[in-house]
Amino acid sequence: MIFRTRFAPSPTGPLHLGHAYSALLAHDLARTNNGQFFLRMDDIDQSRARCHWAEQIKDDLTWLGITWDGPVWSQNARSDSYTKALRRLWDLGLLYPCGCSRADIKAAANAPQEGAPVLGPDGVVYPGTCRHIPKGTFQTDTPLRLNIKKALQIIDLQSIILTEGDAIYQRTAPQMIESIGDVVLLRKNMGTSYHLSIVIDDADQGITDVIRGKDLREATFIHILLQKILELHTPKYFHHPLIRDENGKRLAKRDDARAISKYRDEGLTRNDIRSKVGLDAKTLAT
């Protein structure tokens, strides 16, 4: 099997050191293994995605010495694939409409009878407000949530095991229900969500290995669950440490001072960037 991995940034801001580390690591591993490296744009949120950021990302990656195989995929152009998967999940009885806002969810989760709110991959775990409301007919203009309890039952899954090298992570069905909950698979005006689009795209590109930050490790249990339900291949996962600033704070797009384009303007080389993120100038071995 050919080693295939990808880098899927959101074109909503500049590429920073954390992005560079993830892209370089995935790219190095692909080239070392005589594999393929794909570039995708996570541009499903058209209210924030910008063409100039997508072009800047490609320019910065090229400057870093990163090449990709085939055309750059745009998630915004793949709505039919996501709708097909949503329809299948709906027909299985695993989705339901939800009109709750973030404020509604926070208020419900903070109700005295609920105890302290639980934080999951998407923030406060959804308390199930709309779960038992009659769901009507399938539509793509209303947010849809995955009924995780029913999903776990339909495939009779007692736990999900994630293996990363010598490390093993496991979430039992009760743990997933409590700490992950009914995540959104269709967001309003987007046609999909991160969790669904990433699973469908990885399957359609034949991705064998996913290299990404450890902040997404918990979300991986959702992705594995969706892969099992939709009968898709589960890639190998590796969640790397995050690049942080001098105060230990995780870098984000708002950290423009650490944007790759600014380092370029200051005269740094691509090897200087590799050094900053803890990678030497040579291709990594597996």
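## Burial and surface

Buried residues (under 20% relative accessible area, 1.4 Å probe, protein chains only) make up 48% of the 286 residues in this predicted model. The protein exposes about 14,200 Å² (Shrake-Rupley method, 1.4 Å probe), and carbon and sulfur atoms supply 49% of that area.

Local features need pLDDT of at least 70 and side-chain atom pairs pLDDT 80 or more, while totals for chains, interfaces and linings use all residues. Numbering runs from 1 along each chain as its sequence is written, and side-chain values use heavy atoms, without hydrogens and water.

## Overall fold

The protein has ten helices and twelve strands. These are DSSP runs: helices are H or I with at least four residues, strands E with at least two, numbered from the N terminus. The C-alpha trace spans about 60 × 40 × 35 Å along its principal axes.

Contact means heavy atoms within 4.5 Å. Of the contacts with a separation of 6 or more, 78% join residues 24 or more positions apart.

## Nonpolar cores

A nonpolar core is a set of buried Ala, Val, Leu, Ile, Met, Phe, Trp, Tyr and Cys residues joined through side-chain atoms within 4.5 Å. The largest has 37 residues. Leu 89, Leu 146, Met 176 and Leu 225 are among those with the most contacts inside it. Elements giving two or more residues include helix 3 (79–91), strand 8 (159–164) and helix 8 (217–229). Helix 8 gives the largest share, six residues.

Beyond its neighbours within four places in sequence, Leu 225 touches residues including Leu 146, Ala 151, Ile 160 and Met 176. A second, separate core has 28 residues, among them Ala 20, Tyr 21, Leu 29 and Leu 279.

Technical notes:
Buried means under 20% relative accessible area, exposed over 50%, partly exposed in between (1.4 Å probe, protein chains only).
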